[in-house]
Amino acid sequence: MTAQTKKRGAAENGDGGTGLGLAAFIANNEDLGPIVRHAFESGKPEALLHSLRSIVKMKEVEIEEICRLHYEEFILAVDELRGVLVDADELKGTLADENLRLQEVASALLLKLDELLELYSVNRSVGEALAMLKICLRVTSLCKICNRDIAEAKLHSALKTLELIEKDYLQNIPLKLLKKVIQKQIPIVKLYIEKKVCGEFNEWLVYIRRIGKEIGQAAIGQANLARQKDEGMRARQREAEECSSVGFDEHAYTLDVENMDEEAMLEFDLAPVYRAHHIHIGLGLGEKFREYYFNNRLMQLNLDLQISTSQPFLESHQPFLAQIAGFFIIEDRVLRTADGLLSESQVETMWETAISKVTSILEQQFSLMDTANHLINVKGYISLLGTTMKKYGYQATPLVEILGKNRDKYLELLISDCRKKIKDVLSQDSYERMVIKKKNEYDMNVAALQLEPIDVVPDLPYVAPFSCSVPSTCRIVRSFIEDLVRYLSYGSSMNSYDVVKSYLDKFLIEILNDRFLNLIHGGSVEFQQMVQIAGNIAVLERSCDMFLCHAAQLCGVPRHLLEKPHSGLTVKAVLKATQNAAYNRLITLVNSKVDEFMLQLTSINWTVEEAPEHANDYMNEVIIYLHDVVSSGQQIVPMDALYKVVTGALSHIADSIITILLSDRVKRFNANAVAGIDIDLKMLEGFADNTYHSTGLSDLRKETSFKDCLAETRQLINLLLSSQPESFMNPVTRETNYGSLDPKKVAIICDKFKDAPDSLFGSLPSRATVQSARKKSLDVLKRRLKDFS
């Protein structure tokens, strides 16, 4: 049956190969997709369907065969299944009973379970409510903390609380109403904080501008103290160097503990700035606040750069410059500590604006100043400002440059002021020796100015060799040096000592020396005053070294450098020349006064009948005057100069006598008149000889003594009174006794000389013979002089 079925199946298949292949695929559980796809692609799906139907029929045949083969086993299985069904029915009844009993027992438990589930639901709801409540309580607590911080002005803390609410709680608030209220209030609170902190910052702007001047004054004061400390240190160093050059001084090097303290910090409150900056950063408005700060401070700077018109610049310059210094000291502190509030470029911009405006104001004010003292006061404060600003890192070169530009103007004003002072001092001086009665006057006018070489105070009252103008002049010169050094120091890169020395020389030559020359050649000064002027010049010439030492000390130049050749002042030689001009002027004044006395010589009787027994009045006056000249000059004028004055006066007297005899004022004279001149001359010779030795002038060992100055006049008088005048023509006698006489002058004078006086009664017989012999000898001399000439 199986074989027949198979044959029939194969015959029905019609395509045995295809069916067997498809059957093999199905038996192996392989994918029929490729075969199906191929059938459809080839357009022959009917063959595939036919093969599949054939396979189904084959399988049905196989099932029938299997059932036939296993029928008995199937019957047994069915019997067993029926037995199982009986058992199942019994089990089902048992289960139904058990289910009934279980339902009876579980009904109460189900009620309890429902109650438990309900309790679980309530518990979950309560937990959610508690969580929501905790969030709300935390948020309200933070709100309360924020309000408290705002009330206590803890704005930064309040802002942090707001940030915490926004970041961690706002989105998690379960109550929509509360969330809405908080969302609405947060911007309002932030705006309030911003306004509040801006208000505090605006108050700080007012406060900081008010104390800016005090800050600047304190900083400039510290710079001044540091400068004084440096000057003191340099002075001690110079003293130590000078001591070391002569020997070690155990007190030369000491530790100044008092000056080792660090500079006190300038204290001012920047907390409002820091707070406002941090709060604005927290509000996300950092850039806005930085711009606000810069603009407001720039406006304040522009206000600070406006000088006062209600008071002179000399009075307002210190507050003005101190305000500028304080402003930039504050900005420097803000730049370093305010965490990016200011940038270096912004500070640099403000500084350039300020320095440009300040230099412009200074140039204008300097151009209006007409007093050196005003300019040096302003300059000193400007140099301190520059030093202070350099300390804080600001570029102060324009300030130094503006001072350098006005150096010539300052020197011009300084010299003009000192010229006026010198003129007033010298014109108001009476040129009488200064009498010092008190020790403090001596210390102030002599010791302090080093006008005397000894340090021991002499017995008081002390009569100084100079007049009152000398100490005043020394103080003016020292003041000139100090002001000049003050202007050139601090900020100047030049060698200030050389500049000071040059201008000191110029000042002393062009101002002091020229003023002395004006006094000398002015024509209104008397002899006593001229003596004192010469003495003053000598004292001031010696003081030039002291002036130079003072300048070197102020400029920090060691004293041993002043001992080098050609290191002194040129004015010393100029003053010596002026001193010589004063001595020459003394000679001129004495000779002029002598001329006044000698004019009386023309009014005497040159043909007197009897020889006088006493000197003429003019000679008494001349000798009294010469006594005064010697006594006054001896105390002040150097011996050489006094020698020149006296010899000049005596020579002038001698020349005056001869000049009068040669002049047309004397037509004729006789022996009695010559005898009177002889008495005058002897009196003058006695004065000359006595003065020459008593004053110590003889110690000079000059070739010409005072008496030698009268030699020509003495020889002329001796010739006229000689019994043999014709001996003058003897070369040996003339060389021996009359070497100073000029034959031409002798000829003129002898023509006027009449040996016998004019008389109505003539001479006595006893004298006639003598006079006749002299007259004959004189006539011979006259004839021979005419032949000689």
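Tyr431 is buried, at 6% relative accessible area. This tyrosine sits in the loop that runs between α14 (407–428) and β1 (435–436). Its phi is positive, about 55 degrees, although Tyr431 is not a glycine. For context, most residues other than glycine have a negative phi.

Before going further, a word on confidence. This is a predicted model, and the protein averages a pLDDT of 79, with 88% of the residues scoring at least 70. Among the elements, helix α9 (residues 286–304) has the highest mean pLDDT, 90, while helix α1 (residues 2–13) has the lowest, 41. Two stretches call for caution. Over residues 1–15 the pLDDT stays under 50, and the model has 8 contacts there beyond four places in sequence. Residues 757–768 also stay under 50, again with 8 contacts beyond four places in sequence. Where pLDDT is low, the predicted coordinates should not be read in detail.

Back to backbone angles. Asp339 is another residue other than glycine with a positive phi, near 55 degrees. This aspartate is found in the loop between α10 (313–337) and α11 (344–368). So is Asp339 buried or exposed? It counts as exposed because its relative accessible area is 55%, and the cut-off for exposed is over 50%. Gly284, which follows α8, has a positive phi too, near 80 degrees.

Which residues of α8 are buried? They are Pro272, Val273, Ala276, His277, Ile279 and His280.

Now for the inside of the protein. The largest nonpolar core has 201 residues, and the members that touch the most others are Phe328, Phe480, Leu508, Leu626 and Phe669. Helix α18 (residues 527–555) gives this core its largest share, 15 residues. In soluble globular proteins, nonpolar side chains tend to be buried together.

Leaving out residues up to four places away in sequence, Phe328 touches Leu301, Val347, Met350, Trp351, Ala354, Met389 and Tyr394. The whole structure holds 14 aromatic pairs, and one of them joins Trp351 and Tyr394 in a tilted arrangement, 4.9 Å centre to centre with 35 degrees between the planes. The pair links distant parts of the chain, with Trp351 in helix α11 and Tyr394 in the loop between α12 (372–391) and α13 (397–405), 43 residues apart. Trp351 and Tyr394 are both buried. Elsewhere, ring pairs tie Phe201, Trp204, Phe289, Tyr292 and Tyr293 into a cluster.

Helix α9 includes Asp304. Why does this aspartate count as buried? Because its relative accessible area is 6%, and buried means under 20%. Apart from residues up to four places away in sequence, Asp304 touches Arg209, Phe320, Gln323, Ile324 and Phe327.

Ile182 belongs to helix α7 (residues 176–246), and it is buried at 6% relative accessible area. Beyond its neighbours within four places in sequence, Ile182 is in contact with Val139, Cys143, Ile165, Leu170 and Ile173. Ile182 and Leu162 are 20 residues apart in sequence, with their C-alpha atoms 10.0 Å apart in space.

Last, the cysteines. How many disulfides does the count come to? The count comes to 0. Cys418 is buried, with a relative accessible area of 3%. Cys474 is in no disulfide, and the nearest cysteine sulfur, that of Cys544, is 9.1 Å away. Cys474 counts as buried because its relative accessibility is 0%.

Here are the accessibilities side by side:

| Residue | Relative accessible area | State |
|---|---|---|
| Tyr431 | 6% | buried |
| Asp304 | 6% | buried |
| Ile182 | 6% | buried |
| Asp339 | 55% | exposed |
| Cys418 | 3% | buried |
| Cys474 | 0% | buried |

How values were computed:
Residues numbered from 1 in each chain as written. Heavy atoms only, no water. pLDDT = per-residue confidence, 0-100. Helix = DSSP H or I, 4+ residues; strand = E, 2+ residues; numbered from the N terminus. Contact = heavy atoms within 4.5 Å. Core = buried A, V, L, I, M, F, W, Y, C linked by side-chain atoms within 4.5 Å. Buried < 20%, exposed > 50% of the residue type's maximum accessible area, 1.4 Å probe, protein only. Phe/Tyr/Trp six-rings, centres within 6.5 Å; stacked < 30°, edge-to-face > 60°. Disulfide = S-S within 2.5 Å.
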